[in-house]
Amino acid sequence: MGSPWLDPEEACRTHVGNALQALTGQVPLDTEAAAGIGRRRARQNVPLPSVMTAYRLGVKYFWETVVAEATTTALVGNDILVAAASAMWEIQDGITEAMVSGYHDAVAQRLLAGDQERSALVEALLEGRSMDADAVWSAAEVLGVPREGPFVVVAAEVPGIGRQALPDIAALLTRRAVRSAWRLRPELQLGIVHLRTPRDLRALIEVLRDRAERRVGVSPAYDDLDLRETPCASPRSPCAAATRAAAP
């Protein structure tokens with residue numbers, strides 16, 4: 001991704017040029033550069049408050065320079081400076097809003113990519129795809145679940161294609177210190193849930209009873225995250241047991 005500080009001169013030159021052109025009133029403000037910088041800073045993991053602080057400082061310095069130049073040369077009067085100040089704050093708002101929008105877009109894209117990766121890993125584990133021990137351990141780390149059980153598989157009937165049967169289930173369980181990872185299929189929402197103690201199982205059941213609107217099945221507990229010997233297609237698998245329990 002590169003350092004976030006490799007291109008400040010380019011960013012400043014672009015913003016100053018856009019601001020000067022917009023101040024003339026002859027050219028509309030170009031916000032695409034600000035949106036692009038917002039996306040770039042998000043990909044570089046620069047905190048949004050830091051980026052916004054940099055923008056405020058940049059606008060402050062730019063305006064102080066304009067005022068100092070106008071005062072020194074006496075080419076413009078105070079009335080023109082007042083009008084320019086009003087325009088300058090509108091420019092600042094436009095640039096900042098575009099940067100924030102670009103930043104949020106990049107964050108949303110990253111979260112979506114992360115969700116897709118997690119979903120694919122859950123599917124691979126449940127299906128018993130060819131994964132050696134190292135790959136299973138890596139999957140556990142990405143999914144945020146322990147590498148050793150006990151685990152259960154949850155299968156919940158969805159209310160419609162593309163709709164979650166258990167909205168926000170992972171977050172609800174996390175609040176109860178229960179770790180889980182989920183996968184949405186056309187007909188089912190499937191989850192791998194780690195149960196440290198019987199209390200975790202009770203917490204899971206409580207959440208399922210509170211959130212589920214349709215049938216839900218929970219498999220018997222199993223200890224090994226590696227399901228190559230008992231993939232979903234196997235009648236003996238935790239996935240199959242949970243799916244049978246959720247069936248009409």
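How much space lies in the second largest pocket?

Reply: The model is a predicted one, and in it about 410 Å³ of space lies in the second largest pocket. Of the 13 residues that line this pocket, Asp115, Ser119, Gln164, Trp182 and Arg183 are the closest to its centre. Helix 4, helix 6 and strand 2 (180–184) each contribute at least two residues to the lining. The largest share, four residues, comes from helix 4.

The elements that form this lining also take part in other features of the protein. For Ile91, the contacts are Ala19, Ala22, Leu23 and Leu29, leaving aside residues up to four places away in sequence. In general terms, nonpolar side chains tend to be buried together in soluble globular proteins.

Helix 6 (169–174), for its part, belongs to what covers the buried residues of helix 7, as do strand 1 (148–157), strand 3 (188–194) and strand 4 (216–218). Helix 7 (residues 198–211) has 14 residues and reaches 20 Å from its first C-alpha to its last, close to the 20 Å expected at 1.5 Å a residue. Its buried residues are Asp200, Ala203, Leu204, Val207 and Leu208. These lie on the same side of helix 7 because they cover an arc of only 130° around the axis. The spacing follows a general rule: an α-helix has 3.6 residues a turn, so residues three or four places apart point the same way. The face of helix 7 turned away from the buried side carries the exposed residues Pro198, Arg199, Arg202, Arg209 and Asp210.

The whole chain provides the context for these parts. The protein has eight helices and five strands, and from the N terminus on its elements run α-α-α-α-α-β-α-β-β-α-β-β-α. Of its 248 residues, 40% count as buried. Among contacts between residues at least 6 apart in sequence, 72% join residues at least 24 apart.

Terms used
Residues are numbered from 1 along each chain as its sequence is written. This is a predicted model: local features need pLDDT of at least 70, side-chain atom pairs count only at pLDDT 80 or more; totals for chains, interfaces and linings use all residues. Side-chain values use heavy atoms; hydrogens and water are left out. The expected span of a helix is 1.5 Å times one less than its number of residues. Buried means under 20% relative accessible area, exposed over 50%, partly exposed in between (1.4 Å probe, protein chains only). The arc is that of the directions from the helix axis to the C-beta atoms. Contact means heavy atoms within 4.5 Å. On a 1 Å grid over the protein atoms alone, a cavity is a set of points where a 1.4 Å probe fits but cannot get out, and a pocket is an open set with protein on both sides within 12 Å along at least five of seven lines; lining residues have an atom within 4 Å of a point. Grid points are joined across faces, edges and corners, and a volume is the space filled by probe spheres set on the points.
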